[in-house]
Amino acid sequence: MPANLTQQYLKAEAEYRRATTIDEELACLQVMFKEIPKHKGTDHLQADLKTKIAKLKKDAIAEKSGKKSGCGLRIPRQGAGTAILMGGPNAGKSQLICSLTRATPEVAPYPFTTHAPAPAMMPFEDVTVQLIDTPPVTKDFMDPHLIGLVRSADLVLLMVDLGSDDGVEQCQELLDRLNDSKTRLAAQSYLDENDMGLSYTRTFVVPNKIDLPEATGRLELFHELCPLDFTEYPISAVAGIGLETLREAIYRSFDMIRVYSKLPTAKEPDRDRPFTVPRGSQLIDLAGQVHKDFIKGLKFARVWGEAVHDGTVVKGDYELRDKDVVELHM
Ligand SMILES: Nc1nc2c(ncn2[C@@H]2O[C@H](COP(=O)(O)OP(=O)(O)OP(=O)(O)O)[C@@H](O)[C@H]2O)c(=O)[nH]1
Ligand SMILES: [Mg+2]
(Lines give C-alpha, C1' and ligand atoms only; values in the text may rest on other atoms or scores of the structure.)
(Ligands and ions follow the chains in the order given, each with its own letter.)
Protein backbone atom coordinates (compact mmCIF):
# COMPACT_ATOMS: atom_id res chain seq x y z
CA MET A 1 0.00 0.00 0.00
CA PRO A 2 2.32 2.77 -1.21
CA ALA A 3 0.16 5.71 -0.15
CA ASN A 4 -0.17 4.67 3.54
CA LEU A 5 -3.93 4.85 3.43
CA THR A 6 -5.71 5.12 6.78
CA GLN A 7 -8.22 2.65 8.21
CA GLN A 8 -10.98 5.25 7.67
CA TYR A 9 -9.95 5.57 4.01
CA LEU A 10 -10.05 1.80 3.50
CA LYS A 11 -13.42 1.53 5.24
CA ALA A 12 -14.87 4.30 3.06
CA GLU A 13 -13.40 2.63 -0.03
CA ALA A 14 -15.05 -0.69 0.86
CA GLU A 15 -18.36 1.11 1.41
CA TYR A 16 -17.94 3.01 -1.86
CA ARG A 17 -17.61 -0.24 -3.79
CA ARG A 18 -20.91 -1.38 -2.28
CA ALA A 19 -22.82 1.90 -2.47
CA THR A 20 -26.11 1.72 -4.33
CA THR A 21 -27.17 5.38 -4.43
CA ILE A 22 -25.43 8.51 -5.66
CA ASP A 23 -25.63 10.07 -2.20
CA GLU A 24 -23.94 7.03 -0.63
CA GLU A 25 -21.19 7.07 -3.28
CA LEU A 26 -20.62 10.76 -2.78
CA ALA A 27 -20.42 10.48 1.00
CA CYS A 28 -17.81 7.70 0.72
CA LEU A 29 -15.69 9.56 -1.85
CA GLN A 30 -15.70 12.66 0.33
CA VAL A 31 -14.38 10.65 3.28
CA MET A 32 -11.74 9.10 1.01
CA PHE A 33 -10.67 12.55 -0.22
CA LYS A 34 -10.48 13.90 3.31
CA GLU A 35 -8.47 10.91 4.52
CA ILE A 36 -6.01 10.52 1.69
CA PRO A 37 -2.46 11.58 2.66
CA LYS A 38 -1.71 14.69 0.57
CA HIS A 39 1.69 14.17 -1.05
CA LYS A 40 3.24 13.59 -4.48
CA GLY A 41 2.69 9.83 -4.35
CA THR A 42 -1.07 10.26 -4.15
CA ASP A 43 -1.41 13.05 -6.76
CA HIS A 44 -3.01 10.73 -9.25
CA LEU A 45 -5.46 9.28 -6.77
CA GLN A 46 -6.39 12.74 -5.44
CA ALA A 47 -7.12 13.96 -8.97
CA ASP A 48 -9.19 10.83 -9.66
CA LEU A 49 -11.22 11.37 -6.51
CA LYS A 50 -11.84 15.04 -7.34
CA THR A 51 -13.08 14.17 -10.84
CA LYS A 52 -15.37 11.48 -9.48
CA ILE A 53 -16.81 13.77 -6.78
CA ALA A 54 -17.48 16.53 -9.34
CA LYS A 55 -19.23 14.08 -11.67
CA LEU A 56 -21.36 12.59 -8.92
CA LYS A 57 -22.43 16.06 -7.74
CA LYS A 58 -23.65 16.74 -11.28
CA ASP A 59 -25.41 13.36 -11.39
CA ALA A 60 -27.08 14.06 -8.04
CA ILE A 61 -28.46 17.37 -9.32
CA ALA A 62 -29.65 15.72 -12.54
CA GLU A 63 -31.30 12.92 -10.59
CA LYS A 64 -33.07 15.33 -8.22
CA SER A 65 -34.35 17.40 -11.11
CA GLY A 66 -35.79 14.23 -12.63
CA LYS A 67 -33.36 14.01 -15.55
CA LYS A 68 -31.77 10.69 -16.35
CA SER A 69 -28.50 10.31 -14.47
CA GLY A 70 -27.07 7.57 -16.63
CA CYS A 71 -26.19 5.60 -13.51
CA GLY A 72 -28.09 2.55 -14.63
CA LEU A 73 -30.26 0.18 -12.74
CA ARG A 74 -29.80 0.26 -8.99
CA ILE A 75 -31.07 -2.68 -6.99
CA PRO A 76 -31.24 -1.65 -3.32
CA ARG A 77 -29.02 -3.82 -1.16
CA GLN A 78 -30.80 -6.14 1.23
CA GLY A 79 -29.65 -8.82 3.65
CA ALA A 80 -26.16 -9.65 4.85
CA GLY A 81 -24.54 -9.18 1.43
CA THR A 82 -25.10 -9.29 -2.33
CA ALA A 83 -23.91 -11.97 -4.75
CA ILE A 84 -24.54 -11.59 -8.47
CA LEU A 85 -24.80 -14.62 -10.76
CA MET A 86 -23.08 -14.38 -14.13
CA GLY A 87 -22.55 -16.79 -16.97
CA GLY A 88 -23.18 -17.71 -20.56
CA PRO A 89 -26.61 -18.75 -21.86
CA ASN A 90 -28.12 -21.86 -20.25
CA ALA A 91 -25.42 -22.08 -17.56
CA GLY A 92 -28.19 -22.60 -15.00
CA LYS A 93 -28.23 -19.19 -13.29
CA SER A 94 -32.01 -19.06 -12.97
CA GLN A 95 -32.14 -22.71 -11.89
CA LEU A 96 -29.66 -21.93 -9.10
CA ILE A 97 -31.89 -19.04 -7.96
CA CYS A 98 -34.84 -21.47 -7.91
CA SER A 99 -32.85 -23.98 -5.87
CA LEU A 100 -31.43 -21.54 -3.28
CA THR A 101 -34.35 -19.10 -2.83
CA ARG A 102 -38.13 -19.09 -2.95
CA ALA A 103 -38.13 -17.06 -6.17
CA THR A 104 -39.38 -18.74 -9.35
CA PRO A 105 -37.62 -17.22 -12.37
CA GLU A 106 -38.21 -18.93 -15.70
CA VAL A 107 -35.83 -21.82 -16.41
CA ALA A 108 -35.69 -23.15 -19.98
CA PRO A 109 -33.39 -25.12 -22.28
CA TYR A 110 -32.92 -22.23 -24.69
CA PRO A 111 -30.64 -19.18 -24.41
CA PHE A 112 -31.69 -15.70 -23.23
CA THR A 113 -34.58 -16.92 -21.07
CA THR A 114 -33.72 -14.23 -18.51
CA HIS A 115 -34.16 -10.70 -19.90
CA ALA A 116 -33.37 -8.45 -16.97
CA PRO A 117 -31.45 -8.59 -13.68
CA ALA A 118 -33.70 -9.65 -10.80
CA PRO A 119 -32.96 -9.94 -7.06
CA ALA A 120 -34.06 -12.78 -4.75
CA MET A 121 -33.37 -13.51 -1.09
CA MET A 122 -31.46 -16.65 -0.05
CA PRO A 123 -31.87 -17.84 3.53
CA PHE A 124 -28.82 -19.02 5.50
CA GLU A 125 -29.52 -20.08 9.09
CA ASP A 126 -31.29 -17.05 10.60
CA VAL A 127 -30.09 -14.46 8.06
CA THR A 128 -30.70 -13.74 4.39
CA VAL A 129 -28.42 -12.92 1.48
CA GLN A 130 -29.33 -11.13 -1.74
CA LEU A 131 -28.73 -13.04 -4.97
CA ILE A 132 -29.15 -11.35 -8.37
CA ASP A 133 -30.11 -13.38 -11.44
CA THR A 134 -28.93 -11.85 -14.72
CA PRO A 135 -29.29 -12.27 -18.48
CA PRO A 136 -26.45 -14.21 -20.12
CA VAL A 137 -23.24 -12.56 -21.33
CA THR A 138 -22.02 -13.55 -24.78
CA LYS A 139 -19.42 -12.29 -27.25
CA ASP A 140 -22.09 -10.03 -28.76
CA PHE A 141 -24.31 -9.18 -25.80
CA MET A 142 -23.99 -7.88 -22.28
CA ASP A 143 -26.82 -6.21 -20.39
CA PRO A 144 -25.75 -2.56 -19.94
CA HIS A 145 -26.71 -2.62 -16.24
CA LEU A 146 -24.46 -5.55 -15.46
CA ILE A 147 -21.26 -3.55 -15.01
CA GLY A 148 -22.74 -1.33 -12.29
CA LEU A 149 -24.27 -4.32 -10.53
CA VAL A 150 -20.98 -6.25 -10.55
CA ARG A 151 -19.10 -3.24 -9.17
CA SER A 152 -21.46 -2.85 -6.25
CA ALA A 153 -21.83 -6.57 -5.48
CA ASP A 154 -19.84 -8.24 -2.69
CA LEU A 155 -19.39 -11.42 -4.70
CA VAL A 156 -19.79 -12.74 -8.24
CA LEU A 157 -20.85 -16.35 -8.85
CA LEU A 158 -19.35 -17.14 -12.24
CA MET A 159 -21.36 -20.08 -13.56
CA VAL A 160 -19.87 -22.47 -16.09
CA ASP A 161 -22.13 -24.74 -18.15
CA LEU A 162 -20.75 -28.30 -17.94
CA GLY A 163 -23.79 -29.51 -19.89
CA SER A 164 -22.52 -28.25 -23.22
CA ASP A 165 -19.33 -28.47 -25.24
CA ASP A 166 -19.54 -24.68 -25.61
CA GLY A 167 -19.58 -23.98 -21.85
CA VAL A 168 -15.84 -23.41 -21.43
CA GLU A 169 -15.61 -21.12 -24.45
CA GLN A 170 -18.64 -19.17 -23.27
CA CYS A 171 -17.01 -18.60 -19.91
CA GLN A 172 -13.81 -17.42 -21.60
CA GLU A 173 -15.83 -15.01 -23.75
CA LEU A 174 -17.45 -13.54 -20.65
CA LEU A 175 -14.05 -13.03 -18.99
CA ASP A 176 -12.63 -11.44 -22.17
CA ARG A 177 -15.58 -9.11 -22.31
CA LEU A 178 -15.03 -7.96 -18.73
CA ASN A 179 -11.28 -7.66 -19.20
CA ASP A 180 -12.00 -5.13 -21.95
CA SER A 181 -13.98 -3.09 -19.42
CA LYS A 182 -12.92 -1.48 -16.15
CA THR A 183 -14.96 -3.91 -14.07
CA ARG A 184 -13.20 -7.22 -13.59
CA LEU A 185 -13.37 -10.42 -11.62
CA ALA A 186 -10.70 -11.42 -9.10
CA ALA A 187 -9.98 -13.68 -6.14
CA GLN A 188 -10.52 -10.65 -3.82
CA SER A 189 -12.39 -7.35 -4.20
CA TYR A 190 -10.38 -4.13 -4.51
CA LEU A 191 -10.06 -0.86 -6.38
CA ASP A 192 -6.91 -0.20 -8.40
CA GLU A 193 -5.03 2.55 -6.55
CA ASN A 194 -3.53 3.95 -9.72
CA ASP A 195 -6.81 4.02 -11.58
CA MET A 196 -9.89 4.58 -9.44
CA GLY A 197 -12.12 3.52 -12.31
CA LEU A 198 -10.69 0.00 -12.32
CA SER A 199 -12.66 -2.20 -9.93
CA TYR A 200 -12.22 -5.88 -9.10
CA THR A 201 -15.01 -7.94 -7.54
CA ARG A 202 -14.37 -11.12 -5.58
CA THR A 203 -15.53 -14.16 -7.54
CA PHE A 204 -16.33 -17.83 -6.96
CA VAL A 205 -16.35 -20.14 -9.99
CA VAL A 206 -19.45 -22.32 -9.98
CA PRO A 207 -19.28 -25.11 -12.58
CA ASN A 208 -22.86 -26.40 -12.90
CA LYS A 209 -24.55 -29.65 -14.06
CA ILE A 210 -22.02 -32.06 -12.49
CA ASP A 211 -24.89 -34.59 -12.44
CA LEU A 212 -24.29 -35.17 -16.16
CA PRO A 213 -21.86 -37.94 -17.22
CA GLU A 214 -19.82 -35.66 -19.53
CA ALA A 215 -19.38 -33.04 -16.81
CA THR A 216 -16.14 -34.43 -15.30
CA GLY A 217 -14.26 -34.34 -18.59
CA ARG A 218 -15.51 -30.84 -19.34
CA LEU A 219 -14.45 -29.61 -15.89
CA GLU A 220 -10.93 -30.91 -16.53
CA LEU A 221 -10.90 -29.13 -19.87
CA PHE A 222 -12.09 -25.94 -18.16
CA HIS A 223 -9.19 -26.10 -15.69
CA GLU A 224 -6.74 -26.59 -18.55
CA LEU A 225 -8.04 -23.87 -20.87
CA CYS A 226 -9.19 -21.35 -18.33
CA PRO A 227 -6.94 -21.49 -15.25
CA LEU A 228 -8.33 -19.11 -12.59
CA ASP A 229 -7.25 -18.51 -9.00
CA PHE A 230 -10.85 -18.13 -7.79
CA THR A 231 -12.31 -20.54 -5.25
CA GLU A 232 -14.38 -23.18 -7.04
CA TYR A 233 -17.68 -24.77 -6.01
CA PRO A 234 -18.86 -27.44 -8.50
CA ILE A 235 -22.61 -28.01 -8.21
CA SER A 236 -25.68 -29.46 -9.76
CA ALA A 237 -28.43 -26.87 -9.35
CA VAL A 238 -31.05 -29.44 -10.45
CA ALA A 239 -29.86 -32.49 -8.49
CA GLY A 240 -28.96 -30.41 -5.43
CA ILE A 241 -25.29 -31.43 -5.32
CA GLY A 242 -22.93 -29.00 -3.56
CA LEU A 243 -25.67 -26.46 -2.87
CA GLU A 244 -25.44 -26.34 0.92
CA THR A 245 -21.64 -25.92 0.76
CA LEU A 246 -22.11 -23.08 -1.72
CA ARG A 247 -24.87 -21.45 0.34
CA GLU A 248 -22.64 -21.34 3.42
CA ALA A 249 -19.56 -20.19 1.45
CA ILE A 250 -21.52 -17.26 -0.01
CA TYR A 251 -22.58 -16.06 3.45
CA ARG A 252 -19.10 -16.63 4.97
CA SER A 253 -17.44 -14.67 2.14
CA PHE A 254 -19.11 -11.48 3.40
CA ASP A 255 -17.34 -11.86 6.78
CA MET A 256 -20.34 -10.50 8.65
CA ILE A 257 -21.38 -11.16 12.24
CA ARG A 258 -24.89 -11.42 13.70
CA VAL A 259 -26.07 -9.36 16.60
CA TYR A 260 -29.43 -9.72 18.35
CA SER A 261 -31.00 -6.62 19.82
CA LYS A 262 -33.03 -6.75 23.01
CA LEU A 263 -35.34 -4.11 24.44
CA PRO A 264 -34.53 -3.16 28.06
CA THR A 265 -38.08 -4.18 28.97
CA ALA A 266 -37.92 -7.57 27.25
CA LYS A 267 -36.66 -10.80 28.80
CA GLU A 268 -35.42 -12.27 25.52
CA PRO A 269 -33.86 -10.69 22.40
CA ASP A 270 -35.53 -10.79 18.99
CA ARG A 271 -33.92 -14.05 17.81
CA ASP A 272 -35.73 -14.07 14.47
CA ARG A 273 -34.19 -10.95 13.01
CA PRO A 274 -30.51 -10.47 13.79
CA PHE A 275 -28.69 -7.39 12.58
CA THR A 276 -25.64 -8.11 10.47
CA VAL A 277 -22.51 -5.96 10.61
CA PRO A 278 -19.01 -6.45 9.18
CA ARG A 279 -16.65 -8.33 11.52
CA GLY A 280 -14.64 -5.81 13.52
CA SER A 281 -17.58 -3.38 13.80
CA GLN A 282 -18.11 -1.44 17.00
CA LEU A 283 -21.27 -0.98 19.00
CA ILE A 284 -21.76 2.50 17.53
CA ASP A 285 -21.91 1.02 13.98
CA LEU A 286 -24.78 -1.22 15.06
CA ALA A 287 -26.55 1.58 16.93
CA GLY A 288 -27.00 3.51 13.68
CA GLN A 289 -28.60 0.47 12.04
CA VAL A 290 -31.06 -0.08 14.88
CA HIS A 291 -32.18 3.55 14.83
CA LYS A 292 -30.48 6.70 13.55
CA ASP A 293 -31.25 8.48 16.85
CA PHE A 294 -28.97 6.02 18.61
CA ILE A 295 -25.87 7.35 16.80
CA LYS A 296 -25.99 10.59 18.80
CA GLY A 297 -28.11 9.50 21.75
CA LEU A 298 -26.42 6.23 22.74
CA LYS A 299 -25.35 6.30 26.41
CA PHE A 300 -24.26 2.70 26.94
CA ALA A 301 -25.31 -0.86 26.20
CA ARG A 302 -25.49 -4.12 28.08
CA VAL A 303 -24.04 -7.12 26.27
CA TRP A 304 -24.50 -10.86 26.66
CA GLY A 305 -22.03 -12.94 24.67
CA GLU A 306 -19.11 -15.36 24.64
CA ALA A 307 -16.46 -12.68 25.21
CA VAL A 308 -18.16 -10.86 28.09
CA HIS A 309 -19.93 -11.60 31.37
CA ASP A 310 -23.73 -11.51 31.14
CA GLY A 311 -25.07 -7.95 31.04
CA THR A 312 -21.64 -6.24 30.88
CA VAL A 313 -21.97 -2.48 30.43
CA VAL A 314 -20.08 -1.23 27.34
CA LYS A 315 -19.65 2.03 25.37
CA GLY A 316 -19.78 2.84 21.65
CA ASP A 317 -16.25 1.57 20.98
CA TYR A 318 -17.00 -2.01 22.15
CA GLU A 319 -16.03 -4.48 19.39
CA LEU A 320 -19.03 -6.67 18.65
CA ARG A 321 -18.73 -10.50 18.45
CA ASP A 322 -20.84 -12.96 16.48
CA LYS A 323 -24.11 -13.76 18.27
CA ASP A 324 -23.81 -11.01 20.88
CA VAL A 325 -27.10 -9.93 22.46
CA VAL A 326 -27.17 -6.16 22.84
CA GLU A 327 -29.47 -3.92 24.88
CA LEU A 328 -29.07 -0.28 23.80
CA HIS A 329 -29.71 2.58 26.22
CA MET A 330 -30.31 6.20 25.12
N1 LIG B 1 -28.69 -31.59 -15.96
C2 LIG B 1 -28.78 -30.38 -15.44
N3 LIG B 1 -29.46 -29.41 -16.10
C4 LIG B 1 -29.52 -28.19 -15.55
C5 LIG B 1 -28.91 -27.89 -14.30
N6 LIG B 1 -29.14 -26.60 -14.04
C7 LIG B 1 -29.86 -26.10 -15.05
N8 LIG B 1 -30.10 -27.06 -15.98
C9 LIG B 1 -30.87 -26.91 -17.22
O10 LIG B 1 -30.21 -25.99 -18.06
C11 LIG B 1 -31.16 -25.23 -18.81
C12 LIG B 1 -30.90 -23.75 -18.61
O13 LIG B 1 -31.17 -23.40 -17.29
P14 LIG B 1 -31.46 -21.90 -16.85
O15 LIG B 1 -31.46 -21.85 -15.38
O16 LIG B 1 -32.62 -21.35 -17.59
O17 LIG B 1 -30.13 -21.22 -17.42
P18 LIG B 1 -29.74 -19.65 -17.40
O19 LIG B 1 -28.29 -19.59 -17.13
O20 LIG B 1 -30.63 -18.92 -16.47
O21 LIG B 1 -30.02 -19.25 -18.91
P22 LIG B 1 -30.30 -17.77 -19.50
O23 LIG B 1 -31.41 -17.13 -18.73
O24 LIG B 1 -30.64 -18.00 -20.92
O25 LIG B 1 -29.02 -17.03 -19.37
C26 LIG B 1 -32.54 -25.68 -18.34
O27 LIG B 1 -33.04 -26.62 -19.24
C28 LIG B 1 -32.24 -26.32 -16.98
O29 LIG B 1 -33.18 -27.32 -16.65
C30 LIG B 1 -28.22 -28.95 -13.63
O31 LIG B 1 -27.66 -28.81 -12.53
N32 LIG B 1 -28.19 -30.16 -14.25
MG1 LIG C 1 -31.90 -17.37 -16.73
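The domain bounds used in this report come from an automatic or database domain assignment. On that basis, the chain of this predicted model is divided into domain 1 (7–64), domain 2 (82–253) and domain 3 (256–329). The centres of domain 1 and domain 2, taken over C-alpha atoms, are separated by 29 Å.

**Overall form**

The chain contains 10 helices and 13 strands. Its C-alpha atoms fill a box of roughly 60 × 50 × 40 Å along the principal axes. A compact globule of 330 residues would have a radius of gyration near 20 Å, and the value for the chain, 22 Å, agrees with this. Of the 330 residues, 33% count as buried. When contacts between residues at least 6 apart in sequence are considered, 62% of them join residues at least 24 apart.

**Where domain 1 meets domain 2**

Contact between these two domains involves 10 residues of domain 1 and nine residues of domain 2. On the domain 1 side, α1 (7–18) and α3 (43–64) each supply at least two residues. The helix that gives the most to this side is α3, with five residues. By class, the side of domain 1 that touches domain 2 has three nonpolar, two polar and five charged residues.

**The surroundings of ligand 1**

Ligand 1 is surrounded by 26 residues, of which the closest are G92, S94, Q95, T114 and P136. Helix α4 (residues 93–100) provides the largest share of this shell, namely three residues. In terms of class, the shell divides into 13 nonpolar, 10 polar and three charged residues.

E125 has a positive phi and is a residue other than glycine. K209 likewise has a positive phi although it is not a glycine.

| Residue | Phi | Loop |
|---|---|---|
| K209 | about 80° | between β7 (199–208) and α7 (215–225) |

Is E125 buried or exposed? E125 counts as exposed because it has 10 C-beta neighbours inside 10 Å. K209, by contrast, has 27 other C-beta atoms within 10 Å and is therefore buried.

Notes:
Residues are numbered from 1 along each chain as its sequence is written. Chains are lettered from A and ligands numbered from 1 in the order in which they are written. This is a predicted model: local features need pLDDT of at least 70, side-chain atom pairs count only at pLDDT 80 or more; totals for chains, interfaces and linings use all residues. Two residues are in contact if their C-beta atoms, placed from the backbone, lie within 7 Å. Helices (H or I, at least four residues) and strands (E, at least two) are DSSP runs, numbered from the N terminus. Ala, Val, Leu, Ile, Met, Phe, Trp, Tyr, Cys and Pro count as nonpolar, Asp, Glu, Lys and Arg as charged, and the others, Gly among them, as polar. A residue is near a molecule or strand if its C-beta atom, placed from the backbone, lies within 6 Å of it. The radius of gyration is taken over C-alpha atoms; the globule rule is 2.2 Å times the number of residues to the power 0.38. A residue is buried if 20 or more other C-beta atoms lie within 10 Å of its own, exposed if 12 or fewer, and partly exposed in between; C-beta atoms are placed from the backbone.
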